[in-house]
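Colleague: I should like to learn how to read a structural model of this kind. May we go through it together?

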Amino acid sequence: MPNICWLSEVTMKIAVNEAPSIRSRRGRLLIVATVALALGLIAGACGSSSTSNEEGSLTVYSGRSESLVASLYEMFTAETGIAIEARYGDSGELGAQIITEGSASPADVFFSQDAGALGAVSAAGRFSELPSSILDQVPSQFSATNGTWVGVSGRVRVIAYDNVKVTNPPTSIDDLLDPKWKGQIGYAPTNASWQSFVTGLRVLRGEDGAEQWLRAFAANQPKAYEKNGAVLDGIAKGEVQLGLVNHYYLNERIKAKGAENVKISNQYIGNGDPGGLVNVAGVGILSSSKHKTSAQKFVEFLLSPTAQQYFADKTFEFALVSGVTASDPTQPTLASLQSPAIDLSDLASLEQTQELLQKVGLLTK
Amino acid sequence: MMTKEAVLDQTPGVRRRASMPLGVSPVVAIVAVLAAAIAALPLLYLLIQASSRGLDTVVEEIWQRRTFDLVLRSLSLAFVVTALSLVVGVCSAFFIVRTNLPGYRIFAVALVLPLAMPSYVAAYAWISWVPSLAGFWGAVLVLTSISFPFVFLPVAASLRRIDARQEDVARSLGLTSRHVAFRLTLRQIRPAATAGALMVGLYALSDFGAVATMRFESFTWVIFGAYRAGFNPTRAAILSLALVAISIIFVWLELVVRGDGRAAKVGAGVSRAPNRLKLGPSRFPAAALLSVVVVVTLAIPFVLVLRWFFEAADSGIDSGEIFGAMRQTVFVSFLATVGAVFFAVPAAVLAARVKARWAQSTERTVFVIHALPGIVIGLAVVYLGIRLVPSMYQRLPMLIFAYVVLFMSLAVGSVRASVEISPVALEDSAQSLGLSRFAVFRKMTLPLARPGIMAGAALVFLTVMKELPATILLRPTGMDTLATELWNRTSVADYAAASPYALVLILVAAVPAALLTFTRETR
């Protein structure tokens, strides 16, 4: 946009040249404001234009937060020489943004925290199909049925429990309905992973079965917390004995406070029980991307042993590519979990889940 | 009886001559109309998006029990928050301006500072301390805490402007003190109170941070959900339009309730500052009551943020990063403020000076989208921006533009109030002495409205600082503000890691908030 750059520069030059001749305070204030505005335009319109359209630089809309993946992006750049421009945001909002932008979207890649947002972008026809060399690396339940996105790391729902007070933790979600847990279960009603567990419940048990379980669960008076981390705080403080969370919150807590100070354990739920649902973070390439080769390199990188090991060790997730295991020997392998066989493409109906949760009084008040 | 009414209605000063063709410079009128057009842009997006699946979808979405319930829930939230803000705002303004309450100067500042608190921070602070607050009353608590200064500020300002001689006259004509209070004083503050109430009502409708954290299902919650969980922009647009319809009613209601405010419009002449009412021993309970307001709206959330901050201080704080984000935040907020004031002043002047319907509608349009949550305005700018000016997409000018659309209405109210109290007669005589209408605007209207402009600017500045959803959508890649950094940290870890950003954000936003007190004080 050279004319705007030029205009701003001219405005600023005039303003700066005129400034000394203006005596009144108000006049000078006006000049300061004009200069600031012109500076802003130059900085925004002209300054960054030289950097943002660099050949080969890749724009990633990142629903995964900076503190989790920024160093991974740096590793990619170091390995391939391809610069990454990451825009961090909420996965759902980034998905809405991509759909709203349409084919002019500057995004090359969408790296989402969960499958739902990927499914929505895919349904809007904004993804291009991934080659089978990529799709084949990951079990098919963790990628799109139509091959437009692929999961790169997994997290599993667990029952975290106070390992001093609780000796026999529940082994299925139905055990949670036992009256002995009344008022003793913590959960995070607005958390996306909890909600996709409920979606999984709907897929596995049908609408009626899911509603039945949710009503019984609500009757057991679970305690609502703002976040998964707060649920673990609640267990540590003795407010509740059990918590429905993702597995890695415990790892993070141990890392922050030291193993000897954490009296909480994870109960993994096997036997295909809905409580052991695996969610994935995944990635897709925009059909409007002008850097498809670089974008594909990025997706391949996320599935490479380096990145998979990073997920297993740094973010405490599960690698989805076989052969990569966490350095921590206490971490179970994904294959040993016997998680329910749900195709994550079926988890897109999040809005209906929220309606159901509202209906049974577990979401809003 | 007739005489008393006549006294109350007296307007020393000059009423506008009916024959004036247009009371303001054409330049002012054009920029004002432009401001309204800019403010209406999101509506264009909403109409396109809402109709994208045909009219049937629109009717189906609106015409269901759930939507009706939603309207009721949001209206009751807005209503309760507005009513409480009116009570708290008007009462505390009265105590501070018209009584000898101990420490009224300190209270005058402390009662404005809650404006600096982002709703999501205050809500999170409360709910982490008292989890059972979740729901309607938690949302009411947080929204009232943050927005009652919208009422307090203009009401305090108008109480300060009241000419005590009018009250003397009213008393000498046989009105009792109670009559004076209700028929004169209350009437004089009514325009200020209703203008404030409108801002509170629209804010309560548009806020997402408080209702999300308090888990109260309001319109904004469902609109966010339609994007985040339903990936259904059409549904979000339809619901947004319903929200716009509600806000049109609010904006219209304010016009009706405001009254003409003529009793407050006193021209030059010998006026007397009002006496401070001597409160006897009752001033201590009164001060205690105001202290409770300050503790609940300001101290408690602030202390909780401080507590997280000291937790975080143990694990180290990257002050360089915080300082960078702060500079960036102040820079964009400043640009946005300049832009918002540039459009708000002409819109306000037009509405204050031209009583014709088109002029009033122009100003009102600016308010109509103020009930929409930031994500809707942000996506509207995404939709239109990437199609109309793709080269500016996710560049600073477009972000600033979005801020202007979002927040120029905040400045319009206080500028308008300021212009309305400056005598038209001065402008008329200046013009009759040969000044052009634009010169009159520049040399008389603007300087006289300066307190209002400064107040409006301060309000825009601190609100832009706290803005999150539109910033995330439209910021230049790599630009971090305090609000985005705060969000960035809360989305993974707990609030301790985010607290340094929350603290700096509150402290920096407190500067323009405190400034608001002083610009009003100097009136």
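Colleague: Are α3(B) and α13(B) parallel or oblique to each other?

Modeller: Please bear in mind that this is a predicted model. One begins with the angle between the two axes. Here the axes of helix α3 (residues 54-62) of chain B and helix α13 (residues 233-258) of chain B come within 10 Å and cross at roughly 60°. Angles of 65 to 115 degrees would count as roughly perpendicular; α3(B) and α13(B) are therefore oblique to each other. The crossing of α13(B) by α3(B) is right-handed.

Colleague: Which residues make the contact?

Modeller: From α3(B) come B:Thr57, B:Val58, B:Glu61 and B:Ile62, while α13(B) provides B:Thr234, B:Arg235, B:Ile238 and B:Ala242. Sorted by class, this contact has four nonpolar, two polar and two charged residues.

Colleague: How many residues does each chain bring to the contact between chain A and chain B?

Modeller: Chain A gives 43 residues and chain B gives 45 residues. On the side of chain A that touches chain B, the elements giving two or more residues include α2 (25-47) and α4 (66-80) of chain A. That side divides into 18 nonpolar, 16 polar and nine charged residues.

Colleague: Where in chain B does pLDDT stay under 50?

Modeller: The general idea is that where pLDDT is low, the predicted coordinates should not be read in detail. In chain B, pLDDT stays under 50 over residues 1-20. Chain B averages a pLDDT of 86.

Technical notes: Residues are numbered from 1 along each chain as its sequence is written. Chains are lettered from A and ligands numbered from 1 in the order in which they are written. This is a predicted model: local features need pLDDT of at least 70, side-chain atom pairs count only at pLDDT 80 or more; totals for chains, interfaces and linings use all residues. Two residues are in contact if their C-beta atoms, placed from the backbone, lie within 7 Å. Helices (H or I, at least four residues) and strands (E, at least two) are DSSP runs, numbered from the N terminus. Ala, Val, Leu, Ile, Met, Phe, Trp, Tyr, Cys and Pro count as nonpolar, Asp, Glu, Lys and Arg as charged, and the others, Gly among them, as polar. pLDDT is the predictor's confidence in each residue, from 0 to 100. Axes are lines fitted to C-alpha atoms, for helices over the stretch in contact, and angles run from 0 to 180 degrees between N-to-C directions. Angles under 35 degrees count as roughly parallel, over 145 as roughly antiparallel, 65 to 115 as roughly perpendicular and the rest as oblique. A crossing is left-handed if the near helix is turned anticlockwise from the far one by less than a right angle, and right-handed if clockwise.
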